[in-house]
Amino acid sequence: MDTQVKEIIARVLNVDMGVITDNLSSGDIPEWDSVGNLAIISTIEQELNIEFPLEDLFDLTSVQSIIDEVNKLLNA
Amino acid sequence: MRDVTHSRLLCTIAEHAATSPCKVALVAGASRITYTQLVHNIHCAAGYLHSRGIKRGDYILLSAQKELEFVYLYFAAHLMGAINVVVDAAAPQERLDYINGIIHPVAAFGAGQSDVAQSFTSFHDIQLDLDAGKMEYDSHEICSTDVADVMFTTGTTGNPKGVCLSHDNIAGSASNTNGFIRTASNDIEALALPLSHSFGLGRLRCVLMAGATLVLVSNFANLKAFFNVLATEQVTGFGMVPAVWQYIKRISGKRIGQFADQLRYIEFGSALLPIQDKRLLMELFPHTRLCMHYGLTEASRAMFIEFHENQDNLNSIGRPASSLVEVSVRDENGLPVGDGVDGEICVRGNMVSRSYFLAHDNENAYFGDWFRTGDWGHRDSDGNFYLTGRKKELINVGGEKVSPVSIEDAIIGTGGIQECACVAIPDPNGVLGEVPKAFLVKQGATLTVDEVKQRLSAVLPTHEIPVQWEWVDSLPKTSSGKIQRQKLKQ
């Protein structure tokens, strides 16, 4: 799942997979701006058939935090 | 500062350094730069440019990055009469190639990934030269009406248009804006807007002209980090486009209301912001000046409206920004029309550009000395202006102006569509304001919509890829064969 989430982020931001490290945060690269962040959220929701709770969106600030949230929702 | 009478902006910054030498002008990460240091570093940067053989009237490309070196070089160019062409180095290769091809810059600074941007001298390398303290430069015979910056905007025909802004224009815009918003020397502003746009670059100039402190923030994507900056730096103001407000609401709910007591102003860029959002902002920020500007790169911040002071006409785009700005509604012959009558909104004043970089772009751009905005609207009997339509067909995607022609060219460029047209539609998600919709002509099509989208993703930024697609038998056209996009929007 970790790799799948990273692949989605890389594809949405149109950057190489190598750029998408666990610690990469929104705003760290020009491609990951607010529009890119919204695109990441909606693409993950569509492709993995999950829905991020609104109150959790504020804390989804890094690749790792998104992976953790996806795993939490899929295992719930 | 040496002879800087040509630049009221630089004169004012020098005055701040003289009167408040230890006042912090810029914060970037752990660096805090005082006005004294700022002036010194601008001089050093001018010396550096001189050592590179750059002189008055030369064009330099500056990559719009939130780096201190960007600020030093930007003002250094003004100091010695060189002309800044501020670009987003991450912009599509085609756009950078076009700008590079018509400007013929003598040097490029910053960093980027595209072929053109690879020739940029990195800010990191420049820092070494700035530290060496080169101070030689020449600033004789520079006039306040000389071009200081060329900013490229999206043109309706697809090619970007270079807007020439004089030293007087950029100082005029900053003083008009500060006068309305009331930005003062005790303000601390967070700048998360891109510097490659007129709005973000304008905020940089406004804050430094006011003698206030500017905190450079990468962007709004990481709201947790942005809110942390608001708290730790005790920020009193910032600027955002309506799409960022929708983003803040979506990602953080009403958390931003916790800063209501410390935020003295918020400036909004001109784009669709629903009345209910204006009311929500007034509720969350009862004591903050909520100022929305109307303007274009060619006529920056022509009008303003403050929400609390205009509760009964929140759908207005406001009134002229200062007594030095005039706004007039005119008919197709350039004659003024009466109150309540729709016409083209035209602007003249201290901040209005006198010409485009390419002479042919000036055709039909002015009625005498009145700049034609391309927007339609009217004035009421109280002097408030209202937008009713846009003559220009640009699509405003979250503050990014997108030419329908450039999307159409990219769709045709996929090789599987013979004819198409793109228009703006309201963002179905209610975040970006407008998004593109594509109409594809069935005849001659050899690709599916999914295949077109896939091919577009390689050549267009995500925000330029249409979110809605419709197959049609034909496109509405004028007798001369021009596509009538307005009819597709109906």
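This is a predicted model: local features need pLDDT of at least 70, side-chain atom pairs count only at pLDDT 80 or more; totals for chains, interfaces and linings use all residues.

In chain A, helix α2 (residues 34-48) has the lowest confidence, at a mean of 91, while helix α3 (residues 63-75) has the highest, at 95. Across chain A, the mean pLDDT is 92, and 100% of its residues reach 70 or more.

Now bring up both chains and look at where they meet. Here 19 residues of chain B are in contact with 17 residues of chain A. On the chain B side, select α8 (223-232) and α9 (242-252): each supplies at least two residues of the side that touches chain A. The largest share comes from α9(B), with 4 residues. Colour that side of chain B by residue type and you get 9 nonpolar, 8 polar and 2 charged residues.

While you are on helix α9 of chain B, pick out Lys249(B), which sits in it. Is Lys249(B) buried, exposed or partly exposed? Lys249(B) counts as partly exposed, because it has 17 C-beta neighbours inside 10 Å, and the buried class needs 20 or more, the exposed class 12 or fewer.

Select the strands of chain B in the order β2-β1-β9-β8-β10-β11-β12-β13-β14 and you have an open sheet of 9 strands with mixed pairing. Which strands stand at the edges? They are β2 (31-34) and β14 (319-320) of chain B; each has a single partner strand, so one side of each is left without a neighbour in the sheet.

Zoom in on the β2 end. Strand β1 (residues 24-28) of chain B runs antiparallel to β2(B), and 4 bridges join them. Ala28(B) stands opposite Ser31(B) in β2(B). The two strands, β1(B) and β2(B), form a hairpin with 2 residues between them, and Gly29(B) in the turn has a positive phi of about 60 degrees. Then turn to strand β9 (residues 213-216) of chain B, which is parallel to β1(B) and joined to it by 3 bridges. Look for Val27(B) opposite Val215(B) in β9(B).

Finally, move along to β11 (residues 265-268) and β12 (residues 289-296) of chain B, a parallel pair with 4 bridges. Here Glu267(B) stands opposite Cys291(B) in β12(B).

Definitions and conventions: Residues are numbered from 1 along each chain as its sequence is written. Chains are lettered from A and ligands numbered from 1 in the order in which they are written. Two residues are in contact if their C-beta atoms, placed from the backbone, lie within 7 Å. Ala, Val, Leu, Ile, Met, Phe, Trp, Tyr, Cys and Pro count as nonpolar, Asp, Glu, Lys and Arg as charged, and the others, Gly among them, as polar. pLDDT is the predictor's confidence in each residue, from 0 to 100. Two strands pair if DSSP finds at least two bridges between them.
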